[in-house]
Amino acid sequence: MYDAHVDRVWRLVYRIVGDADQAADCVQETFIRAFSRLASFRGESSLATWIGSIAITTALNAVRSLKRRGARVVSIDDAPEPGAEPRNSDPDLKQRLHAAIDALPKGYRTVFLMHDVEGYTHEEIGAALSIASGTSKAQLSRARARLRSVLGAFAPES
Amino acid sequence: MDDLDTRPDADSPLDPELVRLAAEYHEPPPPPRDEMWPRIAAARRRPPRTIEFRRIVRVALPMAAVLALAFAMGRWSADGDSAATGSAIVAVGPVGDSAETSSLVYRAAATRHLQSAGTYFADFREAALRHGASPATGSTRELLVSNRLLLSSPAAEDPQLRNLLEDVELLLVQIAQLPAEGVRADPSLITDGLDAVDLLTRIRAEVRPSPAARPQGVI
């Protein structure tokens, strides 16, 4: 189980916590809990989804703990102004985008990272976060809208 | 900001360049498989824990019932019904208008609810740290319903209180999932969450009576 799922769990947890030591702790906690509760796994979702849900809970708890200690707090006020720079002319675009992702509300950020960055489906996200897939879609739309708002000219024109 | 969702491009993917750059956000290095495994393997050799609950049902159910009643009063007065306003004034003291009354009733309901939630979480934490049986989801869900009612109330304006209620809701949801979802959320994960947000301390601070908030006419 560890060999089959550790890569995916590591990627997901690292995306959320953004720190190798914290991510390692979270991955360890995830598998410790998964192994200790494996007998009660009912197969209502895939094993990967079940482990993913444990991983997300662990990672979000870690982020909350970090946030309380002031280690990783980014205010929406710190995000760059909407539409400030023209397309492809800003050498700091990556930095601005990452600041904007940091400034997203936790739920939006988690769904955005899982879907647009890690390639999870809305059904997988819904199962992992214990939300409806429609809620996942709505949160993704809002996340994209906020990022577009912050990055202005980089929004698709369609 | 949510009005942005009505834009026609709200559901379309981001620009590919932005997606590429987003992939570099917290870009994971290769997992340290060999470094992580020993702790996991050591933990597997320890016996598993189970959860036992005894006092939760006794405490949470009556509290939830009281809260639901208080919340109903809050909504009634928030709607500006003059008769309701008059009744609430008698109950809580001399206040000027229905908005103030609504706020006072809401605050009383929230305090009552948070006292219940605090007791519930304290019991949960104690049981989780010892050992025990499966959680009482009926009382968990009662508290969840009450919490949702409070969050949905038009009188829920205090951002600090909202934040606290949202954290309470998150943990209640995790607890409610314990029996229904196998072990989607491990009890100790939840106790970790309790500690991480310092929830019990915040609840105690919120329900502590302040002289300024005490209704007039009460000695």
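Analyst: A quick term before we start: a crossing of two helices is left-handed if the near helix is turned anticlockwise from the far one by less than a right angle, and right-handed if clockwise. The model is predicted, so local features need pLDDT of at least 70 and side-chain atom pairs count only at pLDDT 80 or more, while totals for chains, interfaces and linings use all residues. Residues are numbered from 1 along each chain as its sequence is written, and chains are lettered from A and ligands numbered from 1 in the order in which they are written.

User: How do you know what hand the crossing of α2(A) and α2(B) has?

Analyst: α2(A) passes α2(B) in a right-handed crossing, so by the rule above the near helix is turned clockwise from the far one.

User: And why is α2(A) called roughly parallel to α2(B)?

Analyst: Look at the angle: helix α2 (residues 20-36) of chain A and helix α2 (residues 33-44) of chain B pack at about 30 degrees, with their axes 9 Å apart. Those axes are lines fitted to C-alpha atoms, for helices over the stretch in contact, and angles run from 0 to 180 degrees between N-to-C directions. Angles under 35 degrees count as roughly parallel, over 145 as roughly antiparallel, 65 to 115 as roughly perpendicular and the rest as oblique. That is why α2(A) and α2(B) get the roughly parallel label.

User: Which residues meet between α2(A) and α2(B)?

Analyst: On the α2(A) side they are A:Ala24, A:Val27, A:Gln28, A:Phe31, A:Ile32 and A:Phe35, facing B:Glu35, B:Met36, B:Arg39, B:Ile40, B:Ala43 and B:Arg44 of α2(B). Being in contact here takes C-beta atoms, placed from the backbone, that lie within 7 Å. By class, the contact of α2(A) with α2(B) holds 8 nonpolar, 1 polar and 3 charged residues. (Ala, Val, Leu, Ile, Met, Phe, Trp, Tyr, Cys and Pro count as nonpolar, Asp, Glu, Lys and Arg as charged, and the others, Gly among them, as polar.)

User: Why are α4(A) and α7(A) called oblique?

Analyst: Helix α4 (residues 93-103) of chain A and helix α7 (residues 133-151) of chain A pack at about 140 degrees, with axes 10 Å apart. Roughly antiparallel would need an angle over 145, so the α4(A) and α7(A) pair is oblique. A:Arg96, A:Leu97 and A:Ala100 of α4(A) touch A:Leu147, A:Val150 and A:Leu151 of α7(A). That contact has 5 nonpolar, no polar and 1 charged residues.

User: What makes B:Ser116 buried?

Analyst: B:Ser116 has 26 other C-beta atoms within 10 Å. B:Ser116 belongs to helix α5 (residues 98-130) of chain B. B:Ile203, 87 residues away in sequence, sits 9.9 Å from B:Ser116, C-alpha to C-alpha.

User: How do you know whether B:Ser139 is buried or exposed?

Analyst: Count again: B:Ser139 has 25 other C-beta atoms within 10 Å, so B:Ser139 is buried. B:Ser139 lies in helix α6 (residues 137-152) of chain B, and its C-alpha is 9.2 Å from that of B:Ala176, 37 residues apart along the chain. Over whole chains, 46% of the 158 residues of chain A count as buried, and 34% of the 219 residues of chain B do.

User: How many helices and strands does each chain have?

Analyst: Chain A has 7 helices and 0 strands, and chain B has 9 helices and 0 strands. Helices (H or I, at least four residues) and strands (E, at least two) are DSSP runs, numbered from the N terminus.

User: Where in chain A does pLDDT stay under 50?

Analyst: Over residues 72-80 of chain A and over residues 82-89 of chain A. pLDDT is the predictor's confidence in each residue, from 0 to 100. Where it is low, the predicted coordinates should not be read in detail. The mean pLDDT of chain A is 81, with 80% of its residues at 70 or more.

Note on methods:
Two residues are in contact if their C-beta atoms, placed from the backbone, lie within 7 Å. A residue is buried if 20 or more other C-beta atoms lie within 10 Å of its own, exposed if 12 or fewer, and partly exposed in between; C-beta atoms are placed from the backbone.
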